[in-house]
Amino acid sequence: MTKSELHQMIADSIGNESNICQIYAIKNGVRVYDDCWHEYITTDAVNVMSVTKSVMALLIGIAIDKGYIRSVDQKVIDFFPDYTVKRGEKTIYKVTLRHLLTMTAPYKYRSEPWTKVCTSDDWTKAALDLLGGRNGITGEFKYATLGIQILSGVIQNTSGMKCNDFANKYLFAPLGIPAHTIHGASDKNDQIDYLMNKAPKKNEWYSDPKDTVTAGWGLCLSAEDMAKIGVLILNSGEYDNKRIISTNWIEEMTAPRIALGERFGNMHYGYLWYRPHKDKRTVAAIGDGGNVIYVNIEQNISIGVTGTFKPRVFDRIEFIEKNILPLIS
């Protein structure tokens with residue numbers, strides 16, 4: 001397949017690829033692919049959904065490098081000295097950052113209570129209220145978008161900076177990613193519009209009424225921005241010959257730690273990053289709608305793919321490896 005044929009295939013798609021807005025690829029430090037659909041241009045931003053989580057993992061690593069956080073084995077509750085633990089709750093005292101980063105933290109719900117958290121005045125506190133439970137620490141993988149909100153509070157309480165400002169200074173600016181603003185307090189209709197609206201977004205990050213950004217979703221990036229983040233992984237924490245994050249953290253963050261089941265394509269999980277193939281040096285950040293940062297270390301390739309909201313988008317990793325890699329390898 002040629003690049004023009006791939007463009008036309010996506011343009012004509014009424015199925016899985018119909019929502020793709022941008023694809024941007026970098027190989028050996030050089031742009032090798034840049035294409036857009038649905039009237040998007042390269043610099044437009046998209047709500048990249050759960051790719052936001054993987055960016056949060058990078059920010060936690062930077063905070064550790066700078067001494068704001070001692071280690072991932074610190075207890076979560078230690079970062080919130082003003083938080084009042086609910087009577088009878090004991091498990092929360094045992095939960096560590098590692099549990100949050102590997103999605104093995106326990107929560108007191110069967111399904112995530114979006115309305116309860118997203119209508120509260122403080123989403124971080126609301127997420128802390130969900131943490132713990134009678135079953136204790138089981139080590140079971142439990143994918144949680146709301147619980148990751150706690151990481152934004154950790155960054156803010158340790159660094160003394162708003163998480164968005166921390167990201168702008170220590171991650172986005174060094175990568176040449178535009179500075180991001182917070183979206184601001186919202187209502188239910190605004191939250192729905194932010195998720196569903198297919199128009200390009202600003203360089204912004206969704207936030208709660210206290211101007212704390214959402215850690216599990218809501219960061220807006222272009223495919224180029226995501227490919228740059230992938231290059232940071234390829235270069236073991238360096239970008240443009242500048243050290244942004246330690247090699248140790250990149251290795252620790254992307255190491256395969258948990259084997260996921262069929263629901264997650266039998267991939268492995270690190271710290272909020274996926275390993276699509278345990279026996280290959282490939283890592284990925286994956287969000288709803290098929291938003292993906294794909295990093296192929298063996299071929300020194302980083303690919304960003306953005307897409308507007310579309311339910312049940314299946315395996316964008318397979319699409320990348322089948323259709324994009326052959327064009328640029």
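**Before you start.** You're looking at a predicted model, in which local features need pLDDT of at least 70, side-chain atom pairs count only at pLDDT 80 or more, and totals for chains, interfaces and linings use all residues. Residues are numbered from 1 along each chain as its sequence is written, and side-chain values use heavy atoms, with hydrogens and water left out.

**Stop 1: the largest pocket.** Select S50, Y143, G287, D288 and G289: of the 41 residues lining the largest pocket, these are the closest to its centre. Its volume is about 1,200 Å³. A pocket here is an open set of points on a 1 Å grid over the protein atoms alone, with protein on both sides within 12 Å along at least five of seven lines; a cavity is a set where a 1.4 Å probe fits but cannot get out, and lining residues have an atom within 4 Å of a point. Points are joined across faces, edges and corners, and a volume is the space filled by probe spheres set on them.

Now colour α4 (114–118), α8 (188–196), β12 (282–287) and α11 (316–328), each of which gives the pocket lining at least two residues. Helices (H or I, at least four residues) and strands (E, at least two) are DSSP runs, numbered from the N terminus. By class, the pocket lining holds 18 nonpolar, 11 polar and 12 charged residues. Nonpolar covers Ala, Val, Leu, Ile, Met, Phe, Trp, Tyr, Cys and Pro; charged covers Asp, Glu, Lys and Arg; the others, Gly among them, are polar.

**Stop 2: the cavities.** How many cavities of 30 Å³ or more are there? The count is two. For the largest, with about 80 Å³ of space, select V46, N47, N197, T308 and F309, the closest to its centre among 13 lining residues. Both β3 (46–47) and α8 supply at least two residues of that lining, which divides into eight nonpolar, four polar and one charged.

The second largest cavity has a volume of about 50 Å³. Select V117, W123, T145, L146, Q149, T214, A215, G216 and W217 to see its lining, where no residue is charged.

**Stop 3: H180.** Go to the loop between α7 (163–175) and β4 (181–182) to find H180. H180 is buried, because its relative accessibility is 3% (buried is under 20%, exposed over 50%, partly exposed in between, with a 1.4 Å probe and protein chains only). Its side chain reaches the backbone oxygen of C220 at 2.6 Å. Beyond four places in sequence, the contacts of H180 (heavy atoms within 4.5 Å) include N164, F172, E204 and L221.

**Stop 4: two positive phi values.** D211 sits in the loop between β5 (204–205) and β6 (220–221), with phi near 65° despite not being glycine. D211 is partly exposed at 33%. Next, N241 lies between β7 (238–239) and β8 (242–243), with phi near 65° too, and is exposed at 76%.

**Stop 5: the cysteines.** Which cysteine sulfur is closest to that of C21? It belongs to C36, 8.7 Å away, so the pair is too far apart for a bond. C21 is buried at 0%. From the sulfur of C118, the closest cysteine sulfur is 15 Å away in C220, also too far. The disulfide count (sulfur pairs within 2.5 Å) is zero.

Definitions and conventions
A polar contact is a pair of N or O atoms within 3.5 Å; within protein, one must be able to donate a hydrogen and the other to accept it, and residues adjacent in sequence count only if both atoms are side-chain atoms.
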